[in-house]
Amino acid sequence: MQNLATKFENLTIQSDFIFKKVMSRKRICIHLLEELLQIKIADINYLEAEKSLEPEFVSRGIRLDIIVADDKNTHYNLEMQVKNTKNPDTKNYVLPKRTRYYQALMDIDLLQKNQEYDLLPPTYIIFICVFDFFAKGNYVYTFKKRCLEDLELELPDEATTMILNTKGTHGSISKDIKSFYDYVNNHVINSDFTRQIDDEISYLKLDSKVRREFMLLEARLLDERREAKAEGLAEGKAKEKTATAKRLLSMGLSVEDIAKATSLSVEQVEKMKAEQA
């Protein structure tokens with residue numbers, strides 16, 4: 001518990017937990033979107049509001065995204081992305097297709113049964129990355145669908161994906177977005193906006209309920225990791241027994257002896273023998 005308490009005290013805006021809590025403050029979330037998109041937003045509605053992290057709720061998993069709709073019914077999905085994750089099997093970076101998956105999830109949630117497709121509202125998938133995924137140095141990478149035969153022809157599906165690069169060096173962003181990047185990267189407070197964010201984080205860390213939520217979440221995640229590790233070890237042992245049994249079968253040992261040597265059932269070994277026949 002002491003380690004969790006220390007971890008909680010050291011949380012920054014880069015933490016999914018803190019990021020969601022901070023962006024759950026309307027004035028901060030609205031200002032970030034206004035400055036990023038250079039638009040005016042009168043109000044927002046949280047579609048994935050944080051629930052109390054009681055054990056039974058945590059056991060069902062939790063989404064750490066911020067999903068809001070503004071007064072014009074434009075929907076936004078905001079997420080902090082700290083690691084440029086690869087699939088260990090394919091060695092491919094997962095970020096591009098993760099944005100595709102998030103877009104699909106939003107669309108499924110937004111279109112009710114029997115509604116027409118044109119009722120889908122405009123959407124923005126916004127990933128705030130503390131790394132430059134495309135290695136081009138841009139502050140922002142904005143994507144919309146365009147025709148390959150005519151790049152000026154845009155598919156008007158009103159779906160936009162934005163990859164923000166807090167390590168960027170060029171492009172056009174507002175002073176407050178630049179100050180937000182500085183705060184995310186190095187905890188530098190150089191604007192009223194980042195002062196508001198830092199104050200909010202300080203308040204959160206003084207809130208005993210927020211501390212409890214974090215500890216419950218971390219405890220549950222730790223349990224899940226332990227369970228996954230145990231399952232992986234068990235699966236590995238099962239595969240090892242199977243491989244050993246097959247080797248012994250090829251050496252001509254009896255089914256009964258192989259079952260004793262590997263702790264497999266006679267039925268399991270007989271099945272392997274039949275498959276090898």
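1. Start with Lys144. In this predicted model, Lys144 counts as partly exposed, at 38% relative accessibility. Its salt-bridge partner is Glu154, and the closest N and O atoms of the two are 4.0 Å apart. Both residues sit in the loop between strand E5 (140–143) and strand E6 (159–165), so the bridge ties together parts that are 10 residues apart in sequence. Glu154 is partly exposed too, with a relative accessible area of 32%.

2. How many salt bridges are there in total? The count comes to 14. The Lys144 pair is one of them. Two others, taken up next, join helices. As background, side chains of opposite charge can pair when their charged atoms come close.

3. Glu218 and Lys7 form a salt bridge through their side chains, at 2.7 Å from N to O. What does this pair tie together? Glu218 belongs to helix H8 (residues 208–250) and Lys7 to helix H1 (residues 2–9), so the bridge connects parts that are 211 residues apart in sequence. Are the two partners buried or exposed? Glu218 counts as buried, at 13% relative accessibility. Lys7 counts as partly exposed, at 39%.

4. Glu200 and Arg27 make another salt bridge, with 3.6 Å between the closest N and O atoms. This pair also links distant parts of the chain. Glu200 is in helix H7 (residues 192–206), Arg27 is in helix H3 (residues 26–37), and 173 residues separate them. Glu200 counts as buried, at 5% relative accessibility. Arg27 is partly exposed, with a relative accessible area of 46%.

5. Helix H9 (residues 255–262) deserves a look down its axis. Its buried residues are Val255, Ile258, Ala259 and Thr262. Why do they line one face? Viewed along the axis of H9, the buried residues fall within an arc of 100°, so they share one face of the helix. The face turned away from that buried side carries the exposed residues Lys260 and Ala261.

6. Ser263 follows H9, and its phi is positive, near 65°. Ser263 is found in the loop between H9 and H10. Is Ser263 buried or exposed? Ser263 counts as exposed, at 59% relative accessibility.

7. Now the surface charge. Which residues gather in the negative patch? Glu256, Asp257, Glu267 and Glu270 do. H9 and helix H10 (266–276) each supply at least two residues of this patch. Glu267 has its place in helix H10. Glu267 is exposed, with a relative accessible area of 56%.

8. Asn73 is another residue other than glycine with a positive phi, here near 70°. Where is Asn73 found? The residue lies in the loop between strand E2 (66–70) and strand E3 (75–81). Asn73 is partly exposed, with a relative accessible area of 41%.

9. Lys72 is found in the loop between E2 and E3 as well. Lys72 counts as exposed, at 58% relative accessibility. For orientation, take Lys72 and Leu120. They are 48 residues apart in sequence, and their C-alpha atoms are 13 Å apart in space.

10. Last, Ile13. Its place is in the loop between H1 and helix H2 (16–23). Is Ile13 buried or exposed? Ile13 counts as buried, at 1% relative accessibility. Ile13 and Lys229 are 216 residues apart in sequence and 29 Å apart in space, C-alpha to C-alpha.

Technical notes:
Residues are numbered from 1 along each chain as its sequence is written. This is a predicted model: local features need pLDDT of at least 70, side-chain atom pairs count only at pLDDT 80 or more; totals for chains, interfaces and linings use all residues. Side-chain values use heavy atoms; hydrogens and water are left out. Buried means under 20% relative accessible area, exposed over 50%, partly exposed in between (1.4 Å probe, protein chains only). Helices (H or I, at least four residues) and strands (E, at least two) are DSSP runs, numbered from the N terminus. The arc is that of the directions from the helix axis to the C-beta atoms. Patches are made of residues with over 30% relative accessible area and no salt bridge: like charges are joined within 9 Å, nonpolar side chains (Val, Leu, Ile, Met, Phe, Trp, Tyr) within 5 Å. Accessible areas come from the Shrake-Rupley method with a 1.4 Å probe; for residues, only the protein chains shown count as cover. Lys and Arg count as positive and Asp and Glu as negative; His and the chain ends are not counted. The place of a charge is taken as NZ of Lys, CZ of Arg, CG of Asp or CD of Glu.
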